[in-house]
Amino acid sequence: MNDSEKAGLPESPMSRRRALGVAAGLVGGAVLTGTTLDAMTQVPTAKVPGAMPAGGAAVVSAPAAPLPVAPPDASMIPGIASGPLSTRSPFEMPALTPVGITTGSSLTPLQHIAGTITPSDLHFQRHHNGIAVIDPHRYALTVHGLVDRPLVFSLEQLKRFPAMTRTCFVECSGNGRSAFRAPKREMTPQQVDGLTSNSEWTGVSVAALLKEAGVQHGATWVLAEGGDAARLSRSVPMDKMLDDAFIAYAQNGEPLRMPNGYPARLLLPGYEGNMCVKWIRRLEAIDQPNMSRDETAKYTDPLANGTARQFSFTMDAKSIITSPAYPTRLTGPGWWPVTGLAWTGRGRIERVDVSTDGGRTWTEAELSNPVLSRAHTRFEHMWKWDGRPAQLMSRAIDETGYVQPTLQTYRDTRGAGTDYHFNAIRTWLVEQDGSVYFGG
Amino acid sequence: MRTTWAGVVLVASVAIAGCRIESKEEFAGVPAAARATRLPDRLELGVAATPVGIASIDIDANPAGAGLPAGEGTHAQGIPIYAQKCASCHGAKGEGLATYPKLVSPDTLAGFPFGKDASIPKTVGNYWPYATTVYDYVHRTMPFTAPGSLTPNETYALVAWLLAENRIVPMTAVMNASTLPKVQMPARRHFVIDDRTGGQPFR
C-alpha cells in the first residue's frame with residue numbers, strides 16, 4: 001500500500017517519499033522522459049520532474065537515494081534482467097526510524113505495511129548494546145540449571161528437531177510511550193506505535209529442548225539470556241516455556257535478520273518483546289525469578305496508587321488506524337478505507353470497532369482472514385467522508401472480552417506516570433481540508 | 001485445546017491454551033499428537049554441557065545470593081574504579097550525563113510517586129527492588145563499551161559505591177556474597193504482581 005497513492009497528492013512540505021509516491025502514480029504517463037535501459041539499471045540521478053528532494057520528512061530518515069527513472073511506457077521496451085536478490089521498486093522507500101541506535105529503538109513504518117506480515121527488513125528493532133554479530137557455525141545454546149542432563153545445542157542440531165511455524169507479533173511493552181507522554185499532532189503511525197511487528201517464525205519448541213535436558217521438580221522459571229553485549233536476561237515462567245515458547249531460527253521464510261536475533265532467538269507469543277530474548281545463548285531452569293534489571297528496574301509498571309506492577313508480561317488488546325493517518329491527506333469527500341492493525345497477547349482479536357465521530361458511535365470493521373492468535377489482525381472499514389471534520393478511532397476487543405480502553409480510562413486507571421503497556425484508543429483528527437493529524 | 005486444520009483431532013498435548021502450533025504434519029493432515037506418540041521421549045540431540053563451559057556463561061546472580069562469586073569491595077575501593085570506568089557516562093556523582101541514566105538519587109521521596117509523575121528519574125536508590133540486581137547488571141553489561149570486563153572485586157566495590165551514594169548502606173559497608181543479599185532496598189515493598197487477567201474490568 002502506498003499512502004500517497006491512496007490518499008492523493010500531499011501539500012507541502014512534501015517529503016521525499018511522498019514525492020516519489022506522486023511520481024509512481026505517473027509511471028506509464030508522459031512525465032518521465034529520456035530513459036534508457038542502461039539508465040534504469042544504473043538507477044541514474046536524473047531529476048524526476050515534479051519530484052522534490054528530501055526535506056521536512058516526517059517519516060524518512062534514510063539518506064537520499066538517486067531518483068528513479070522509468071520508461072514512458074514499460075510495455076514498449078524490454079525489461080531489465082533478474083538479479084540474485086530482488087529489490088524494492090525504487091519508487092518505494094519505506095524506512096525504519098530513527099536509525100543508528102545501539103541502545104534504543106528503530107520503529108516500523110506501520111503506515112507502509114499492507115496486510116499483516118511485517119517485511120523482515122522493516123521489523124522494529126530495540127537493542128540494549130548494539131546488534132550482535134554471531135557466526136552460525138560457532139553458535140551454541142546451552143540448556144542447564146535444574147535439569148538432569150545439561151546440554152549444548154548447535155544451530156544445526158536445533159534444526160534437527162521437528163520444526164514448528166507460527167505467525168505472531170512481537171511488541172515492545174514501551175510501544176506508544178511518546179504518544180502518551182508527549183503527543184504531537186505531527187506524529188505518524190510509525191512514531192505512535194511502530195514498536196510492533198508481525199512475522200511468520202519457524203523454530204523448535206522450548207518444551208522439546210527442556211524434555212531433552214530433563215527438567216527437574218522445583219524448576220518453576222527459566223532464565224533466558226542473550227549472547228549480545230547486553231547479555232540481556234529475563235526470567236520466564238516455566239508454564240509459558242512448556243506452553244508455546246519456541247526458539248526461532250527463521251523469519252518469513254529465511255534465517256532471522258541479524259537485528260532480530262540471528263541466528264536464533266526466543267519467542268513467547270503474546271508476551272512483551274523484551275522477554276523474547278534475541279541472540280539466545282542460554283536457558284537455565286531455576287526455582288525463583290532472577291530479578292534481573294529488565295524485570296525490576298525496567299519493564300515494570302508504576303501505577304497511580306503508589307505501587308509498581310511486576311511481571312506484567314502479556315500485551316493486552318490494542319489497535320491503531322494506519323490509514324488515513326498523518327501525514328496523508330484526503331483529497332476530497334467520498335469513500336475512503338479506514339484501515340489498521342489490531343492484536344492481543346491473550347488470543348484472538350474478536351472484533352474491531354471504528355468510530356468516525358470521536359467515539360460517540362461505533363461500527364464493526366471487517367477483519368481479514370484468517371484471524372490468528374497473538375498475531376496482527378488487519379481491519380478495514382469503508383467510510384464515506386462528507387468533507388467535514390472527523391475524529392477517527394479504532395477499538396479492539398479480544399476473545400477474553402477485553403475492550404481496548406479510552407485514553408481517559410487508561411490515564412485514570414494507570415496514572416500519568418505509568419511506563420509500559422500503552423494500549424489506549426488512538427485518535428486521528430481529519431480536518432476540513434482533508435489533512436489528518438494525531439489526536440492523542 | 002483446539003481443533004486442527006485437518007478436522008476434529010485434538011492436539012491437546014502440543015497446543016495448549018489457545019495457541020495453534022502449525023507443524024509440518026498438520027499441514028499434511030497428520031495431527032501433531034499422533035506424531036508425538038511416534039517419537040521417542042528424547043531425540044538424543046545436543047551434546048553434554050561441561051561444567052567449565054557452563055561456568056563461562058553462567059553469570060547471573062539472584063536475590064538469594066546464588067551466583068554471587070567470591071570477592072568483596074567497599075565504597076572507598078569503588079571511588080577510583082567508578083571515576084575511571086563509569087563517570088564519563090554516568091557523571092562524577094552518578095547524576096547521569098546527556099542520555100546516560102542517572103544512578104544516584106539519595107533524597108527520600110514521599111510515597112512512591114512514579115505512577116503519577118513520569119519526570120522523576122528511576123534509579124538504583126529509589127526504584128530498584130533488589131540489591132543483587134545491581135551486581136548482576138553491572139557485572140553483566142557495564143561499562144557499556146567493555147561489558148564483562150569487571151572482576152568480582154571491582155564489581156562489589158562499584159555496588160558498594162552505588163548503594164552507599166544512594167544512602168542504602170553505610171559508607172563503610174563491605175559488599176560480598178553474604179552481605180549483599182541481606183541489603184533491603186526501600187522500593188521493594190512497592191512492587192506488586194501483575195493482576196491483569198484479560199476480560200473486564202480494565203486494570
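**Cavities, interface and a sheet**

Colleague: How much space lies in the largest cavity?
Modeller: Bear in mind that this is a predicted model, so local features need pLDDT of at least 70 and side-chain atom pairs pLDDT 80 or more, while totals for chains, interfaces and linings use all residues. Residues count from 1 along each chain as its sequence is written, chains are lettered from A and ligands numbered from 1 in the order written, and side-chain values use heavy atoms, without hydrogens and water. A cavity is a set of points on a 1 Å grid over the protein atoms alone where a 1.4 Å probe fits but cannot get out; points join across faces, edges and corners, and the volume is the space filled by probe spheres set on them. For the largest cavity, that gives about 230 Å³.

Colleague: Which strand gives the most to the lining of that largest cavity?
Modeller: Lining residues have an atom within 4 Å of a point, and here there are 19, with A:Arg126 and A:Lys278 among those nearest the centre. They split into eight nonpolar, seven polar and four charged, where Asp, Glu, Lys and Arg count as charged, and Gly as polar. With three residues, the top contributor is chain A's strand S2 (a DSSP E run of at least two residues).

Colleague: And which helix gives the most to the lining of the second largest cavity?
Modeller: That one has a volume of about 90 Å³. Its lining draws on both chains, including A:His128, A:Asp294, B:Tyr137 and B:Arg140. Four of the lining residues come from one helix (a DSSP run of H or I, at least four residues), namely chain B's H6.

Colleague: What area is buried between chain B and chain A?
Modeller: The contact (heavy atoms within 4.5 Å) takes 63 residues from chain B and 78 residues from chain A. B:Leu45, B:Arg196 and B:Phe202 supply 14% of what chain B buries, more than any other three residues. Buried area is the accessible area (1.4 Å probe) lost on putting the two parts together, summed over both. Carbon and sulfur atoms give 54% of the total, which is about 5,900 Å².

Colleague: How many salt bridges does the rule find across that interface?
Modeller: The rule wants a Lys or Arg side-chain nitrogen within 4 Å of a carboxyl oxygen of Asp or Glu. A:Lys211 and B:Asp41 qualify, with their closest N and O atoms 3.9 Å apart. Across the interface, the count is eight.

Colleague: In S23(A), what is the bridge partner of A:Trp428?
Modeller: S23 is an edge strand of an open, antiparallel five-stranded sheet, ordered S18-S17-S21-S22-S23 in chain A. S22 and S23 pair (at least two DSSP bridges) over three bridges. In S23(A), A:Trp428 is bridged to A:Phe438.

Terms used
1 Å grid on protein atoms, 1.4 Å probe; cavity = no way out; pocket = protein on both sides within 12 Å on 5 of 7 lines; lining within 4 Å.
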